[in-house]
Amino acid sequence: MRTAHTEDLTALISQLDLDKQLYHQLQNLEHYPEALHVAYNRLLSLFDFTIDSARTSSSRNILNAVPTFSSAALTKFLDDEYFDVTVGYKEYLERRQNGGSRELFPDVTYAKYWLRTVAPVKYVDGAWIGGIHRTTTNMMYRSFTKTLWQILSEELGDGDLQKNHVWVYRQLLESIDANDIGRGDSKDFISSFRNANNDVRVWTGAIAQLCISLFPDMFLPEILGFNMSYESLPLHLLITIYELRELNIDPYYFVLHVSIDNKHSGHAAMGVNSVITYITSLPVVEQSTAWKRIQAGFLLASELPTTPIPYSDLDKSLEKIFGEKSIAAHSIHASCLGKIGGRTGMKLNDWLDPLLYPNHSLTFLRTLADSQWIVRGEPERSKLVREMKWGGRMFGAFTSQEVSILQAWIRHLTQYEIPMERTKSYETFTDVEIKLPDTSLTLNFNSILTRPSAPRCSNVHLEPISSLVLLSSEEKTDAILSLLSISAIPFEYISSLPAKCASSYGMMAIRCLRALYGFLPESDICAGMYEVTSNQPTYGVIEIASISLENISECVRQFAAQLLCISAHPEQNEAILVGIQHGFIEYVFQACEEIHLLSSTDLMNLFNIRRRCRKALDLYIEEKNADSHWLTDMFKGKKIVQDSVYNIIN
């Protein structure tokens with residue numbers, strides 16, 4: 001008979017499978033627009049869970065330490081958190097120097113397993129801010145969304161693949177022979193056969209980052225809070241670096257996140273600055289609600305662990321049991337041909353080799369937990385337990401006490417479950433009325449303006465701008481400046497997909513966007529807080545054109561709507577988007593020079609933007625030069641912009 005407990009656990013397992021499926025779909029959203037609705041509901045359920053968790057916790061958190069907004073109280077809270085991390089690390093080093101063993105990685109095999117297991121989180125590095133600072137972003141928010149986009153740009157390597165965080169992690173996995181799990185956006189990555197990974201913590205943590213990024217127009221305060229929390233320094237990061245070095249595994253990916261996220265001039269400082277700038281820009285009557293929403297976003301990051309299930313006392317006990325059994329059972333399992341651990345696993349006899357077992361004992365337990373021998377949370381349904389009872393092939397091989405420890409360990413595997421049902425705590429806490437978004441496909445310009453997060457039509461054919469009536473000189477100027485204001489649209493969606501952006505296509509797009517958004521030229525040094533505190537004016541295309549999306553010329557609106565749809569499908573439309581971007585910097589920029597309306601400063605900035613974009617585009621086009629079909633589509637996109645400019649002017 002199925003009990004309520006059994007049904008809950010079945011739901012948990014199903015939710016894990018659903019989360020893995022959603023993980024794949026959200027990184028391939030142009031092929032799965034229906035996933036947007038699922039992501040919205042999943043995000044709300046995670047908000048509920050993390051708010052409930054913080055409310056019932058006696059530990060210091062942003063709810064009880066900073067109940068109402070105060071920049072001084074917020075700064076003190078974050079300083080206290082940082083101080084605790086530094087004290088915790090000092091105490092860790094003292095334990096190690098006094099002969100204590102490693103606390104995160106007992107052996108090199110487990111370290112490699114851990115690095116492989118945490119990949120779902122690492123392959124979406126930066127995703128939580130992937131949807132901000134687009135052309136659709138409200139003008140009043142662009143000063144601080146630009147700061148967040150700078151963080152995203154640095155996470156993505158500022159257009160240099162060698163600095164791209166996802167790429168760096170891929171290289172790390174390759175160095176330990178673990179890159180066979182597939183790219184983060186591939187079907188192989190969520191395959192239990194190719195990538196046997198059922199660690200609920202890492203999949204849930206990764207899903208939270210992907211989901212919150214999809215609704216920047218609805219959850220901007222929450223994104224600000226999430227970013228502020230996620231860019232803070234966690235203790236486990238310092239321990240990871242220390243222990244990987246001991247095991248001769250390159251820790252640079254993790255070192256990078258200590259240095260680039262620093263609280264003085266790095267991402268942590270930029271995150272706090274963005275929050276304070278946002279809150280203080282609001283009318284006083286709106287600040288209380290905004291702060292609660294920022295807290296909700298902060299908790300989504302702070303209350304959801306993103307590392308694999310930690311080593312427990314039950315792990316230690318079961319390790320000891322299997323270690324002792326491996327000596328007595330040496331070679332008895334030689335006839336067992338099946339592997340534990342999927343395609344890259346090992347035969348049972350190899351796992352239980354008494355000489356090798358001490359070097360991979362914890363990895364064996366984690367791999368066993370992911371195998372068909374175990375039903376997480378349900379020892380009575382687990383094949384391994386049944387084989388130890390009367391009628392099973394291992395009856396008598398384990399004592400009743402040993403079986404009890406195994407059963408307790410299996411039950412323990414579900415302790416990190418996230419409830420599927422909503423508690424509506426998000427609405428209660430923030431006092432925000434939730435209305436399910438309209439996720440039907442959009443194409444109409446006004447519909448995109450009101451629903452910028454909605455999925456876009458995929459079967460759009462971009463047509464050159466044409467006017468049925470003769471435009472006045474003023475209307476021509478307005479139309480050209482409107483085109484200038486939307487000239488960053490082509491690559492605004494590829495940058496929100498970290499796994500796909502870790503490519504030469506993605507790096508070219510980031511370099512173009514940095515120029516088009518008015519960021520400093522790329523260098524070997526991160527700009528960090530300098531761009532925030534230097535008080536230099538922003539010279540991006542929107543700022544130069546001085547036209548927001550809702551105010552662009554009437555004759556450009558349908559073209560803009562079509563472009564927004566095509567841009568939202570960056571894989572499908574790669575070649576034509578490259579051509580369109582090339583057309584913007586050549587023909588639209590040239591037309592801006594000819595209308596004699598922009599200042600000499602604006603023209604010089606356009607010249608520099610064009611130079612930087614042209615360099616990035618030309619290098620990528622040269623890379624694709626052997627693909628005649630790609631080149632045909634690219635030139636088609638460029639010609640569409642050329643014809644549009646010609647039709648406006650003539």
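How many aromatic pairs does the count come to? In this predicted model, local features need pLDDT of at least 70 and side-chain atom pairs count only at pLDDT 80 or more, while totals for chains, interfaces and linings use all residues. Residues are numbered from 1 along each chain as its sequence is written, and side-chain values use heavy atoms, leaving out hydrogens and water.

The count comes to 37 aromatic pairs. Here, rings of Phe, Tyr and Trp (its six-membered ring) pair if their centres lie within 6.5 Å; planes under 30 degrees apart count as stacked, over 60 as edge-to-face and the rest as tilted. Take F105 and W114: this pair is edge-to-face, with 5.1 Å centre to centre and 75° between the planes. Both residues are buried, that is, under 20% relative accessible area (1.4 Å probe, protein chains only). F105 and W114 also belong to a cluster linked by ring pairs, whose members include Y23, Y123 and W203.

Then there's W149 with F519, a tilted pair at 5.3 Å centre to centre and 35° between the planes. W149 lies in helix α7 (residues 142-155) and F519 in the loop between α24 (504-517) and α25 (530-533), so the pair ties together parts that are 370 residues apart in sequence. Helices are DSSP runs (H or I, at least four residues), numbered from the N terminus. W149 and F519 are both buried.

Rings also meet charges. The charged end of K263 sits over the ring of Y82, 5.2 Å from its centre; for Lys, this takes NZ within 6 Å of the ring centre and within 35 degrees of the ring normal. Likewise, K325 lies over the face of F398, 5.1 Å from the ring centre.

Notes: Buried means under 20% relative accessible area, exposed over 50%, partly exposed in between (1.4 Å probe, protein chains only). Helices (H or I, at least four residues) and strands (E, at least two) are DSSP runs, numbered from the N terminus.
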